[in-house]
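Subject: Handover of a structure

Dear colleague,

Please find the structure below, handed over for your reading. A short account of the findings follows it.

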Amino acid sequence: MDALEEEEEDEQRVEEKLGGLAVSGDLQDVETKVPVKQDCVPKHSVDMSQLPSSYKTNSPKEKQLLRVVDNFLQQYIHLCPNRKPLFLHPVNECGVEKFVSTTVRPTLLPYMELYDWDGCASFVSDYLVMEPLECPITLPSSLYSPTTTLKHQRGNCFDFTVLLCSMLIGAGYDAYCVQGYATLETCTMDETQELCPLLRKPLETQVPKEEEKKKYRIKPLPDMQSKFELQQEVKKAAAIEASQKDKERDKKEVGNPKHEPLHGLRVHAWVLVLSGKREVAETFFINPFTGNRHNTTDKRFLGIESVWNHRNYWVNMQDCRHGCQEREKRMSFDMPPSWVAPIRIPPREFETRYCQGKKVTLYNKAKLEKWAPYLNGNGLVQRLTICAGPDYTDVVEVREWFENREDILVRREVNKQTQLTTDYFSKGHSLCLKAHTYTSLEPKTGHTMEFYNEARVDGLQKRVETASEMTEYFMGRDDFLYLRHVDFGKQGDETQGIDMNSKPIVQIKECFHRNPEKPADEDVAECIFLITEENIHLTYHLKDKYITASKKLFHKLPQKASKEHKVFMTPETCTTYQAGSFEKGKSLFHLYNLLKELTAKEKRVKEQVQQSEAEVLTILKIRQTEEADIKLSVSIYNRERNEERRRQHEAMESTMKDELLGQKKQDLDYLAPFLIQNGCRDKLNKEQALCVRDDCLTDFKHHLTYKVNLIQARLEKAVEELQKRHLWFQENKNQLSTKEKDDYLFSCSESMFHINVIEQRLNREKQMAPQKYLALEDKLRMDPRLAEHLGYI
């Protein structure tokens, strides 16, 4: 009774929510000249010999249900003669009439991707191939089971809907199949006028800035305006805006010669998901052909005739001409279980997904191609081609997605107008690459490389290199460096670099963040090494309430300095500007030491620049090798594709079988070692039987004693280690930190638990040893080879 009451409450909630779904009133007045009769032509051949008996016959409960359905249908036709036919009991693949609610088979499949509605909808739209209805304005005469639909990997909108609804209900959603009417584009899966989902920009949510808390401020007056009225005004404004857009669109389409004579008559099926379960906040539709979510007021869906799930069937009695009709008294019926076999999708089929491994969808000025993993040798699984016109010939941009590549390349964007290519990599690349933008993988063509700076010691985040300059960006460095810019000269110019094959360096500029531990006028903000001019510019951070920064200009020390030719620091060697002070700056000795430090640093920075140049060449060489020989990685758990792993698994299984077989043989002949030891071959005499028995019992006794001694030794060792640890703690407890004390207590707890387990095992072995000995003695007396001489049969 509780189950029936719960079903009635669910039905009442569905009826209340369905009351808000509008149906076009024009459908009541339209009469068509297209014949309603539709022959039952099989969609595809079905091998009925492999199907369960529930597919071929009806149970007594199903027959009773069909009689109730026929009675309801006759009353419905009599009371509503102008309504279109209902989709109630079409025949299945075996030609047997089945009520549509019993065709829904709630199933939760063992794949994480299918635990949410979007994953289920995406899988169904990708896995199945759309077949249009034989007559666009007539209901199909047959509805195949979801298992058959999955097996043949194709179906019409009703097949799509029943399968998707079964998966959603199994995943915990309050989902229903919908019979109704939709636009031509929706019924024929025409997406050429729609924007590709990959090109839709996410809605930007503006987060209000937190106001500064002030100690003294006037409290604002409370907002007395109704929030409900504001929400209603927003909805009203949105409705007005939508209607204006519809009018503008209609005006644009006035001159369009294309006319849709069957508008409002085309039959379609889709899925309804009600709010409440699985944290669904708002009721929505799912178009099973595309897997997209739509609002219940979407203009694609023109009307609803009925909805159903695995428990009941509801008819929409709304009429736009006369308002909502009064509801009659509801009658409940104990729905029989689904006649459909359990829905199963093998892992290989789930991975392959698309029919023949590929799917192509045309959108407005875009083409989306999808492939199954490992189908393409380069790991390509998805490609989006963006075009300038609707004829898909003038390509503007190509975006590609990859999977299972050893070089961890996951995405590539190619601008066909500028020929600029950007590769994106996931974490784990040997070069720490995150993105690489280029026109060619050859050097000196211009490259922009982004890195995962957390994985690099130098904190490099980005490097932009051209033939004449290079800029590097850093993050999280201890020296607060965040930018380094290098200007190169022509290859024929003189260079002061260490490597004569590298580009000649003209200037190096480094920028630093503020170091709060230093005074502002001693914290360098910018350091410029003028290599060719042999000058060094220092610019310090601004002090508080100052608009100018302190600066220093150094002339570098001569490189050839010896004891005979001493170099003295003179005021002309360094030009200093100290912001906010007219006093003399630092002493010449201090400036001399600073200049020496800067000269040494300049040498290190030039070496780092040359290392960066060498790293760029190394990366380009590795990327050329990776692209020339693309390799796909296969998980060790994927035995179907990992040949080496499959061979190892088969060898391991064969070894385990041999070991088990040998163990069984050994168990069957447990006296074999003692028979050989006493030279017994055929029949035993009494003396030989007694010797075999005594040897076997003695050996087993030694085994039991050895086992007890081994456990005893382990126990003593564990106790000794615990005592040593306790003694160490008593000697050093005053010097230990809180963490070390906690670690000691935790280790003691683990040791005590380990000791307790060993003690229990030791006691059990001591108790069970006599019982095991007596059991073996009885087994020997019962052995046919020894029983004759030991006095037992």
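**Phe-158 and its surroundings**

Leaving aside its neighbours within four places in sequence, Phe-158 is in contact (heavy atoms within 4.5 Å) with Phe-87, Leu-133, Leu-139, Pro-140, Leu-143, Gln-179, Val-267, His-268, Ala-269 and Trp-308. Apart from the core described next lies another core, of 37 residues, with Phe-488, Phe-529, Leu-538 and Ile-619 among them.

The largest nonpolar core has 54 residues, and Phe-158, Leu-168, Val-273 and Ile-286 have the most contacts inside it. A nonpolar core is a set of buried Ala, Val, Leu, Ile, Met, Phe, Trp, Tyr and Cys residues joined through side-chain atoms within 4.5 Å; buried means under 20% relative accessible area, with a 1.4 Å probe and protein chains only. Two or more residues come to this core from each of α3 (60-79), α5 (117-127), α7, β3 (175-182), β4 (267-273), β5 (284-287) and β7 (301-308). The most are given by α7, with ten residues.

**Basis of the model**

This is a predicted model, in which local features need pLDDT of at least 70, side-chain atom pairs count only at pLDDT 80 or more, and totals for chains, interfaces and linings use all residues. Residues are numbered from 1 along each chain as its sequence is written, and side-chain values use heavy atoms, leaving out hydrogens and water.

**Helix α7**

Helices (H or I, at least four residues) and strands (E, at least two) are DSSP runs, numbered from the N terminus. Helix α7 covers residues 157-170, and its 14 residues reach 20 Å from first C-alpha to last, close to the 20 Å expected at 1.5 Å a residue; the expected span is 1.5 Å times one less than the number of residues. Because 13 of its 14 residues are buried, α7 is largely enclosed by the rest of the structure. At its N-terminal end, α7 is capped by Asn-156, with a side-chain oxygen 3.0 Å from the backbone nitrogen of Phe-158. Just after α7, Gly-172 takes a positive phi of about 100°.

**The chain as a whole**

The protein chain has 16 helices and 26 strands. Of its 793 residues, 39% count as buried.

The mean pLDDT (the predictor's confidence in each residue, from 0 to 100) is 82, and 81% of the residues reach 70 or more. Among the elements, α7 has the highest mean pLDDT (96) and strand β10 (residues 323-324) the lowest (34). Over residues 320-325, pLDDT stays under 50, and the model has seven contacts beyond four places in sequence for them.

With kind regards

How values were computed
Buried < 20%, exposed > 50% of the residue type's maximum accessible area, 1.4 Å probe, protein only. Polar contact = N/O pair within 3.5 Å; in protein donor to acceptor, adjacent residues only side chain to side chain.
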